Every structure is written in C-alpha cells, then in structure tokens.
Amino acid sequence: MPHARNRNPSPIPEVTWDTGLKEMNETWKGAIACLGVAVFFVMTIGIIYWQVVDQPNKNWILRGTFSGLIWERRTQSLVIQTLTEDKTYVEIDVGNAGNPDIEVPFVRNLCWLNKTEFCYTWDSLAEVKISLEVNEETETECYSMTWAPVHCHVELKDCFSMANVSWYGGASVRGQTWPINDQNATMQPFVVSDLKDNPSGYGSVLERYFLGSSGVAVLVSPDVPVQLGVDSRQQFCLQSLPSMERLPLQYTVCVAHNVKAAHQEAMRHLSQHGRELPNMRMLGLPFWRLLSNVDSGQKLERELRIFSNRLRRHQLGEGVISLNEHSTTLLSDVDHEYLNRKRGMTKRLTRDLPLVKLLNISITLSPFLGVDTAQFHTSLSDGTQGYWLSLPSAPRGQLIPVMSHWQGRFCVKLNITNPGAVSWFLDRVGSLQAHLGMEYIVLEGGEGNLFEEQALRPPQALGGDKYISLLADVAASIGNSTIMTAGTRSSHRPLFVRMTRLQSDWGPMGLKGIIPSLLHHTLLGYNFLIPDAVGGSLSGELVTDEELFIRWLEIVAFLPVINFHTPPWVCGEERVLNLTQTYIAKHRREVVPLIERFAEEWRLTGNPVYRPTWWLSPGDAATFAIDDQFLIGDEVLVAPVVEKGAVRRDIYLPDGGFQWQDSQNARVFDGGTFLQDYPVALEEVAVFLRRS
C-alpha cells in the first residue's frame with residue numbers, strides 16, 4: 001500500500017532520527033520558555049514602572065474656570081488647586097473610606113453626563129458623587145460632595161488638612177482659639193451641648209461651617225447627623241454615624257480668590273432667611289447681675305431696692321438688673337397688682353412700694369418644669385403630658401415624660417414640637433411680663449439632647465440640636481429683647497446671644513478668650529452678643545483683681561453690651577469706679593452708633609459687625625492668626641491689652657491702601673505697619689481710626 005512504502009532510504013536508523021528531533025524540540029522549547037520569562041519580566045517591570053514612575057501621581061477629576069479637583073493617588077486625597085497648580089485651597093484625606101492599605105485609582109467617572117459631575121464606587125463600600133457649580137458673577141466655585149455607604153454600619157470619614165491653612169468657624173469650645181488650629185477635640189456628635197456639664201463638648205453657638213485662610217469654605221449638610229474631631233495643628237475630621245439607615249456624609253467646598261470672598265459666598269449659602277435686627281435700645285444699657293441668696297420675694301424686692309439705689313448713688317446711669325431663674329420664681333410669686341391700684345398715692349408713700357415695675361429688670365426662664373409642681377401634676381391628670389418630651393410606653397401606649405435634672409431638681413422639658421405646649425409656655429411668659437412689668441428675658445436651658453444623653457432614640461423632629469433651633473423661634477415670638485444662651489441655625493433671628501461664661505483669670509479660658517470668642521460668634525452671624533461679665537463669672541465669686549477688672553472692662557466697652565457680675569465698688573479703688581463710669585459713657589457715645597451703622601450693613605449683606613484683622617487685607621498672611629485685636633466695621637481697630645502687668649503690646653495695622661490714626665495721640669501710620677511694644681497705659685485701650 002502506498003502508504004506502507006519506506007520513505008527514508010537513509011542508513012541512519014529511524015529511531016536515531018526521532019531522538020534527534022526530540023532533542024531539538026526541547027532546545028527550542030527551552031529557548032521559547034526563556035524568551036517568555038524574559039517578556040513576562042519586561043512586562044512586569046514595565047507595569048511596575050508605569051504604576052510607580054510613569055503613571056501620573058495626580059489625576060484631574062473636575063475642572064472649573066480657575067480651580068480644579070485632583071485625585072492624589074499616593075496620599076489618597078482630594079485636592080482643590082488652581083488650574084495652574086500654583087495654589088492649594090484645601091486637601092481632603094478620604095483614605096479612611098474603605099481599606100487604607102489598598103490603593104484606589106479613583107479616576108473612572110461613572111456619571112457620563114457632563115464635565116461638571118463625577119461618580120465613583122469606592123472599594124465596594126461607598127459611592128461618591130461630586131458636582132461642580134461655577135458662579136461667574138461672584139467668581140466662586142463650589143464642589144458638592146456626597147458619600148453614600150453601600151452597606152450598613154459603614155463609617156465615612158473625611159479629614160481637612162491644616163497645613164498652611166488657618167481655619168475658623170465650627171462650634172464654640174471652652175478656651176476658644178482663633179483660628180481653631182490649636183484646638184483639640186475628640187470625635188463626638190457635632191451638636192450644641194451645655195459646656196457647664198460637658199466642658200469638652202461643643203457650644204454655645206455652632207454652625208456647620210468652616211472657613212480657611214486659603215480662600216476655602218466648607219459647609220456641612222444641616223440635615224444629616226455628623227461627628228467632628230479636631231487634631232491640633234493637623235486636621236479636623238467629619239465622620240458619619242454608622243447605622244442601619246446608611247447615613248451619608250454630605251458637604252460642599254467653595255473656593256474663592258481670598259478668605260473674605262469665600263466667607264461672603266458662604267453667607268449666601270447659609271442665609272436662607274431674611275436677617276432681622278434685635279432691640280437696639282439694649283446696646284446702651286449695661287446689665288448688672290443681682291447676686292442674691294434670699295428665700296422670699298419680699299426679701300428679694302428689698303435687695304433690689306438697695307442695689308438700684310447704690311447704682312444711682314454711684315452715678316452709673318440707667319441699666320438692667322439681671323435676675324437668675326430662682327429669683328425670677330420668687331419675684332413672680334409676689335402680688336404687685338396693688339401698684340396699679342394706688343396710682344394716686346403721694347411720692348412719699350410710693351417710696352415704700354416695691355420697685356419691680358419701676359426698674360429695668362431681666363428675668364430668666366427655661367423650658368424645664370419641676371416634677372413637684374402643681375402644673376406638672378395637672379398635666380398628668382388632664383391628658384396634656386404630651387406638653388413634655390416623652391416616649392410611649394409601648395408602640396401605641398401612653399406617653400411617659402422623660403425625666404432630667406435642671407438646677408438641682410428633677411424636671412421635665414417642654415415639648416417644643418407640640419403647638420399646645422408652645423402656646424402654654426408663651427402664655428406663661430406673657431403673664432409674667434404683665435405681672436412684673438419687665439421687657440427683657442433670658443431664655444436658657446435649650447442646649448443638649450435629652451433623649452441622646454439618656455441613650456434613647458429621639459423623635460426625628462428633635463434629633464441632634466434641633467431643639468435649640470426651635471427654641472430660638474419661640475424666643476423670637478416672645479420679642480426682640482430676648483436673650484438666648486446658645487444658638488444654631490438662628491443667627492437671622494432678632495435675638496441677643498450670651499457668650500459662654502469665663503474664668504476670672506488671664507488665660508485662654510478667661511480674659512484671653514474674649515476676643516477669639518467674639519470673632520467666632522460674629523463670623524457665624526451672631527453679632528448681637530452679651531459678653532461674659534466683667535472679670536469673669538464662671539466661678540460665681542466676686543472679682544478682686546483690680547487690673548483684671550480694668551482690662552476686662554476696656555474690652556467689653558467696645559462690644560454690644562457691657563455686662564457686670566462684680567459691681568465696681570467691690571474693688572475698693574475710686575479709680576475703678578471712675579473708669580467704669582467713663583467706659584459706660586464712652587460705649588454709649590461712641591461705640592453704639594458704630595454698631596448701629598454696621599448692624600444695618602449686616603442685615604443687608606451678612607458682613608459681620610465685628611471683623612478679624614484679615615477682613616481689610618485678606619491676602620496678608622500676617623493677619624490670619626491675630627487673636628488679640630479686632631475691627632468694628634471697616635473703620636475702627638481695637639487692640640486691648642490681654643497680658644497681666646503689660647503696659648505695652650504689639651499691634652498690626654492691616655494694609656488696604658489707607659492709613660490709621662491713633663485716637664489717643666493723633667499719630668498716623670501707614671497700613672501694613674507693625675507697631676512693636678506700642679505703649680498702652682492701664683487706663684487706656686489702643687484704638688486706631690481708618691483714614692482714607
């Protein structure tokens with residue numbers, strides 16, 4: 001068969017030929033294998049080189065007209081820079097979302113809509129959506145960030161670097177600093193708390209707003225629970241709350257050409273309501289706190305008479321005598337109606353009548369009611385227990401009021417979401433006003449969350465610090481002479497806010513804390529504030545340090561209201577009394593008109609009445625950390641002494657193309673001048689007036 005013919009006549013045995021062919025195949029196979037290994041090795045080196053060397057460390061995610069959002073691959077950070085990359089506005093460390101040991105490329109956009117949106121799924125744990133809005137009119141660009149967990153109980157955490165950026169805003173803290181870079185705060189709910197009960201917490205004014213000196217503003221969503229932690233000189237971090245509800249982390253970052261422009265853009269975002277002015281007549285009235293330990297209304301009236309006569313005898317002028325809540329209760333139990341029934345009495349006889357309706361008095365109220373009072377027991381019997389913060393005993397069971405402590409008593413707290421409860425409270429306030437004939441009310445006790453403090457789930461309408469915001473609405477309905485002890489989302493209301501009480505010393509929790517606290521309040525929109533009493537009132541003791549009293553008085557004489565805890569005659573020196581008279585008169589004559597003028601500007605534009613030094617030179621880095629001088633509007637610079645025993649201090653005059661004149665000696669200096677060891681006597685304050 002043809003196929004059986006011998007095709008190989010060679011004498012070499014076939015088996016030998018087969019063996020040689022196999023050996024040759026193995027050689028080629030080895031060569032090919034070596035070549036494959038070499039190719040694989042080269043490819044591996046190439047990939048490593050591409051990842052480590054050749055692949056760009058930065059990836060542009062979004063670009064605006066002058067700024068852009070960059071993904072920093074190695075640091076796992078989002079960075080907002082100018083398009084020319086010559087200025088960094090903010091660096092946000094987002095490596096805490098997911099596994100920080102896994103490098104995430106973060107360059108693939110899943111939105112595919114336009115060039116102003118970016119979407120990405122991060123490590124199968126969270127989805128991020130970023131949108132860019134450009135405002136050509138204000139020359140600002142805002143990046144809205146939303147991180148949404150894919151699974152339950154995922155914590156999302158973004159940290160904002162403090163490197164080369166001075167940060168302001170956020171919340172009041174014990175020992176306020178300006179900027180906040182030197183603060184330390186453990187991660188905790190970002191809500192208003194009572195600093196007296198929680199010294200390491202946040203209060204008394206709080207807004208979800210941070211401002212950076214590089215021209216960046218961070219606005220945190222007001223409706224989503226969030227935590228805040230601050231690491232001194234390192235970063236501040238926003239963190240979501242892990243829950244079954246998969247709570248997002250939402251905030252907006254706006255950038256502008258300088259810090260002032262960024263703040264003005266932020267105010268446009270925050271000011272959703274028209275701003276209203278409080279009772280401006282209060283500015284010219286010093287507040288005098290009546291310290292009393294009496295146990296009856298009659299004794300309290302006698303002390304009121306003695307105290308008011310002493311103020312008059314020392315020629316301290318018209319003012320307001322402040323009563324605490326205990327004294328308010330005592331006074332409200334006294335019958336003052338006979339004052340109205342005896343209007344025809346002679347002057348001699350009226351001298352023996354109570355002075356309550358003849359004096360300016362401020363009373364103090366709170367939303368708490370003692371469980372031992374008749375009103376509370378009546379509410380339990382008439383079915384109005386819903387007037388108090390309560391929880392049902394079962395899914396549809398009877399409401400049980402939540403107990404709490406207030407001023408050493410077991411109390412319940414007003415349910416501010418119940419219209420009937422609010423009407424009852426307002427009727428009570430109206431009756432007191434008619435009974436006592438007073439105008440000024442201090443409303444305290446709104447801080448904190450009664451439910452969360454007792455590990456109870458709050459109603460949705462009262463989560464976080466919504467209570468204090470709702471209480472501000474009630475305070476505004478009482479009148480524009482109402483004073484709150486805390487504020488959040490209420491700076492547009494016609495109310496005064498009382499600053500946190502300070503220690504009677506020269507430290508950052510005492511005298512040195514006044515100006516940082518002032519700048520913090522006004523940056524957040526709370527311009528009409530009542531500073532802590534001259535000399536400090538946290539301890540409740542009278543101040544005997546004459547120098548501390550004088551330097552404290554010199555600062556608050558330039559603030560909206562002068563407040564006293566220690567009467568000036570306690571110091572014993574005649575010059576203390578004379579200086580008190582002088583600065584009260586100076587406040588009325590010179591400071592109040594300035595405040596009124598710039599208060600109108602605040603109402604129209606949102607620009608603060610009291611301004612940091614950088615306001616007039618927002619590009620001058622020398623002004624970013626100045627915490628011991630301030631501006632009233634654009635016209636007056638105040639530089640008090642805050643060091644014990646000092647009669648000289650350093651002063652920086654901001655540069656804005658104008659000059660400054662010393663109000664004491666008429667000397668004129670150019671803007672941008674640094675005055676070293678400038679003389680400021682004990683009885684003086686360094687005040688400079690702007691000259692065009």
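What follows is a walk through some strands, a helix pair and several salt bridges of this structure. It is a predicted model, in which local features need pLDDT of at least 70 and side-chain atom pairs count only at pLDDT 80 or more, while totals for chains, interfaces and linings use all residues. Residues are numbered from 1 along each chain as its sequence is written, and side-chain values use heavy atoms, leaving out hydrogens and water.

Let's start with strand S8, residues 157-161. Helices (H or I, at least four residues) and strands (E, at least two) are DSSP runs, numbered from the N terminus. Four of the five residues in S8 are buried, where buried means under 20% relative accessible area, exposed over 50% and partly exposed in between (1.4 Å probe, protein chains only). Strands pair if DSSP finds at least two bridges between them. S8 runs antiparallel to S4 (residues 88-93), with two bridges joining them, and Ile 92 has Phe 160 of S8 as its bridge partner. S8 also runs antiparallel to S14 (residues 235-240), this time with five bridges; here Asp 158 sits opposite Leu 238.

Now hop over to helices H12 (residues 546-556) and H13 (residues 574-605), which pack at about 5 degrees with their axes 10 Å apart. Axes are lines fitted to C-alpha atoms, for helices over the stretch in contact, and angles run from 0 to 180 degrees between N-to-C directions. H12 and H13 are therefore roughly parallel (under 35 degrees; over 145 is roughly antiparallel, 65 to 115 roughly perpendicular and the rest oblique). Contact means heavy atoms within 4.5 Å, and the residues making it include Phe 549 and Leu 553 of H12 and Leu 579 and Tyr 583 of H13.

On to salt bridges: the whole structure has 23, each a side-chain nitrogen of Lys or Arg within 4 Å of a carboxyl oxygen of Asp or Glu. Arg 233 and Asp 182 form one, with the closest N and O atoms 2.9 Å apart. Arg 233 is in the loop between S13 and S14 and Asp 182 in the loop between S9 and S10, so the pair ties together parts 51 residues apart in sequence. Arg 233 is exposed at 59%, while Asp 182 is partly exposed at 41%.

Arg 457 and Glu 245 also meet in a salt bridge, at 2.8 Å from N to O, and they link parts of the chain 212 residues apart. Glu 265 is buried at 5%, whereas Arg 268 is partly exposed at 46%.
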